[in-house]
Amino acid sequence: MSTIYRIKQSYDQLTETEVRIADFILAQPNQIVESSSADLAHLTSTSPSAWNRFARKLGYSGIRDLKIALARSEQVKNDPANMLEANESVTSLIQKEGQLVEQSLQGTLSLLNQSDLDQAITWLDQAQRIYMVGVGGSSVVVTDFLHKLTRMGKQVIHNPDHHILLAQFAHINQDDVLLAVSYSGMTNTVTVAADQAKAKGAKIIAVTGFHLNSYLAKLADCSLYIPAKEGNIRLGAIQSRFASLIITDILYYGLVTRHLDETKASLLASREIVNNIK
């Protein structure tokens, strides 16, 4: 019987503290394997002894035994690099993509803090300018959000050329907001930009993986987390890209609903201009 199955079967019999631990494991199975007991206790506002009691309640000898079981579990092996097989059928690929999307969606929603989201939307709404930075797969997320906000009439600063982008950061100030997207939270261009924004007094909103060592998360005024489930060997930023897009979409919806009539007018105006070149 898998660890995840054991947790789901016993969920209704768990105490309040055990529910916090169970929810964390269900959302972040890889994080359990990679973290110490002290770190896990800190992340769940519990204690190492509570984790050991929880493990024993599931039938394990302790937290170490639970970690070993999780590491062997198929639920942890959810990265495409581990899931794909040689000459796999298209039918199987479609099914696995559906599983990945569902896992990413549920994991992301479980990590979202509503008050943090509301604060991020308020800062974006009130910002004089919105600076954005993201590299690689994260740049896809940033570009998508850039298009949405530009059509709303927001003043957005972003450039795919990192030298030009960082030069623009020389002009960021306390009336601006930086939206930084980085799964690892350690990407050099992103952290340099965040350091500059912090030094100039701008608010920093981070979309980053739920990592203990995320420099970006430590620097940010508001961190919106995505599941840290992708392994070291990745076919691409597949789950992290999808999870990040979920968050930026929610931010966009929040901005739209605060100015619904104006946004509709802006979207129509931008569509009319774009239609002129079709």
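First, the basis. This is a predicted model, in which local features need pLDDT of at least 70, side-chain atom pairs count only at pLDDT 80 or more, and totals for chains, interfaces and linings use all residues. Residues are numbered from 1 along each chain as its sequence is written, and side-chain values use heavy atoms, with hydrogens and water left out.

A salt bridge here is a side-chain nitrogen of Lys or Arg within 4 Å of a carboxyl oxygen of Asp or Glu. By this rule there are seven salt bridges.

One of them joins Arg258 to Asp118, with the closest N and O atoms 2.9 Å apart. This pair links distant parts of the chain, 140 residues apart: Arg258 belongs to helix H14 (residues 238-258) and Asp118 to helix H9 (residues 114-126). Helices are DSSP runs of H or I with at least four residues, strands are runs of E with at least two, and both are numbered from the N terminus. Arg258 is partly exposed at 33% relative accessibility, and Asp118 is partly exposed at 43%. Buried means under 20% relative accessible area, exposed over 50%, and partly exposed in between, with a 1.4 Å probe and protein chains only.

Next, Lys148 and Asp249 form a salt bridge at 3.7 Å, N to O. Lys148 sits in helix H10 (residues 137-152) and Asp249 in helix H14, 101 residues apart. Asp144, Lys148 and Asp249 are linked in a salt-bridge network.
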